[in-house]
Amino acid sequence: MACVAEQTIPVTLGERSYNIVLHPGLLGTVGDRLAAFTTSPKIGVVTDKHVAGHYLQETLRSLCRAGYDPTPIILPPGERTKTLGTIAKILDVLARQKFERQSLLLALGGGVIGDITGFAAAIYQRGIPFVQVPTTLVAQVDSSVGGKTGVDHRLGKNLIGAFYQPRAVLIDTLTLRTLPRREWIAGLAEVIKYGIIADEKFFAFLEQEMPALLKLKEEPVIHAIKRSCEIKAQVVVEDERESDRRRILNYGHTIGHALESLSGYRGLIHGEAVGIGLVQEADLASHMGLCGRDIVERISSLVQRAGLSEQVSEASFRSLWGAMQHDKKVIGGRVIGVWPVQIGKVLIRPIARQVCAAWFQDKHGRRGRPSSSRQPGKHSVRPKARARR
Ligand SMILES: NC(=O)c1ccc[n+]([C@@H]2O[C@H](COP(=O)([O-])OP(=O)(O)OC[C@H]3O[C@@H](n4cnc5c(N)ncnc54)[C@H](O)[C@@H]3O)[C@@H](O)[C@H]2O)c1
Ligand SMILES: [Zn+2]
């Protein structure tokens, strides 16, 4: 553990610049790393019940040792906590405890905690500093970097929020050891995504090291997280507010989000839906003549080797397209898609309903049945059945 060097990845955004710091065992020194970001002794540590059970005491000890006065705010785990009601509760605590403009919030947890904490920090006293300490793979490679914060609304996921950058992202890879396996594998879908959108060499590394990643071997895990963060940071630096370039991060998410919403956010977790999206969107790109079958096969094979499903079983075109329409990536009824042209290179292009319909019929037949020539992935998902409930 001690022999692994600390990694620092800068996110260069002018006065909103910050570093992503990556080190196994970092949690024990978190208190010493905050001096540059706050002059107030008060720190609100926002976490969830699962993460608190594993890592809250160590974090509080480190903060107290460094002279801070931490207030833990422990939330119920899961997406259902990502509401304005939770934000109101956090703001109540901050106001009651007389948190000031310089007081800092620490987000200790997965993407849910990071998104909530960032949004609370963005609006309390018009913005107080916050630091991300992500503890899931999804949070370490994706949600903690880039400054998208927010909560869900009854009528849509992530409907309310703000762009608000953290002062630092502090990653302790050892926290991944307690992550449920399903969450780990779901996070790998986002890691694979980075290879497809930006770096063929990284994709080849993942092909080579997938067995070691599945065993949580330290070196490949650190490399995978570091390279993912570098790619995300680079894209965010080029387009902080998603006017264009940042859209490439949505690869796999057009179909992925649609499947998540068809499953009522109960059947599939986010990364699992993205895993399917990575393969199916490549398939659609190949149908449109944008890439060869070899690209689809390579993506499909890696996704399956990661233990992710690649199938859209029984989802009819009508419901899939309908759900795709509800995505934020829709302009004038056309869905803005991200399509691989080769591994490491994607292009952004709208897709018309007829094109998507032709692809779907080609694949699944008129009644939306999956063709029998397809190999099922490891997990069978039936979004349509869930959507009917
Ligand atoms: N802001 C962004 O750019 C962005 C990007 C991607 C995803 N997101 C958001 O992130 C959320 C999903 O994040 P997630 O996948 O991290 O889920 P999550 O935060 O719900 O965490 C998943 C589960 O793992 C538990 N957990 C977390 N860390 C653990 C650890 N080290 N050991 C044991 N258990 C642990 C949590 O308690 C929870 O039960 C969604 O709300 C999504 O919208 C945001
Ligand atoms: Zn995602």
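I'll start with the ligand. By class, the shell around ligand 1 is made of 14 polar, 7 nonpolar and 7 charged residues. Please keep in mind that this is a predicted model. In total, 28 residues surround ligand 1. His-50, Gly-110, Gly-111, Thr-136 and Ser-143 are the closest of them. As for secondary structure, three helices each supply at least two residues of that shell: H1, residues 49-65, H3, residues 111-123, and H4, residues 137-143.

Next, the domains. The chain is divided into two, with domain 1 running over 7-179 and domain 2 over 240-388. Between them, 5 residues of domain 1 are in contact with 5 residues of domain 2. On the domain 1 side of that contact, the residues divide into 3 nonpolar, 1 polar and 1 charged.

Now the core. What is the size of the largest nonpolar core, and which residues have the most contacts inside it? The core has 113 residues, and the ones with the most contacts inside it are Val-46, Leu-106 and Ile-192. Helix H5, residues 181-198, gives the most to this core, contributing 11 residues.

Last, a look at one residue, Ile-192. If we leave aside its neighbours within four places in sequence, Ile-192 is in contact with Leu-206, Leu-278, Leu-302, Val-303 and Ala-306. Ile-192 is also one of the residues with the most contacts inside the core, as I said.

That's it from me.

Conventions
Residues are numbered from 1 along each chain as its sequence is written. Chains are lettered from A and ligands numbered from 1 in the order in which they are written. This is a predicted model: local features need pLDDT of at least 70, side-chain atom pairs count only at pLDDT 80 or more; totals for chains, interfaces and linings use all residues. A nonpolar core is a set of buried Ala, Val, Leu, Ile, Met, Phe, Trp, Tyr and Cys residues joined through C-beta atoms within 7 Å. A residue is buried if 20 or more other C-beta atoms lie within 10 Å of its own, exposed if 12 or fewer, and partly exposed in between; C-beta atoms are placed from the backbone. Helices (H or I, at least four residues) and strands (E, at least two) are DSSP runs, numbered from the N terminus. Two residues are in contact if their C-beta atoms, placed from the backbone, lie within 7 Å. Domain bounds come from an automatic or database domain assignment. Ala, Val, Leu, Ile, Met, Phe, Trp, Tyr, Cys and Pro count as nonpolar, Asp, Glu, Lys and Arg as charged, and the others, Gly among them, as polar. A residue is near a molecule or strand if its C-beta atom, placed from the backbone, lies within 6 Å of it.
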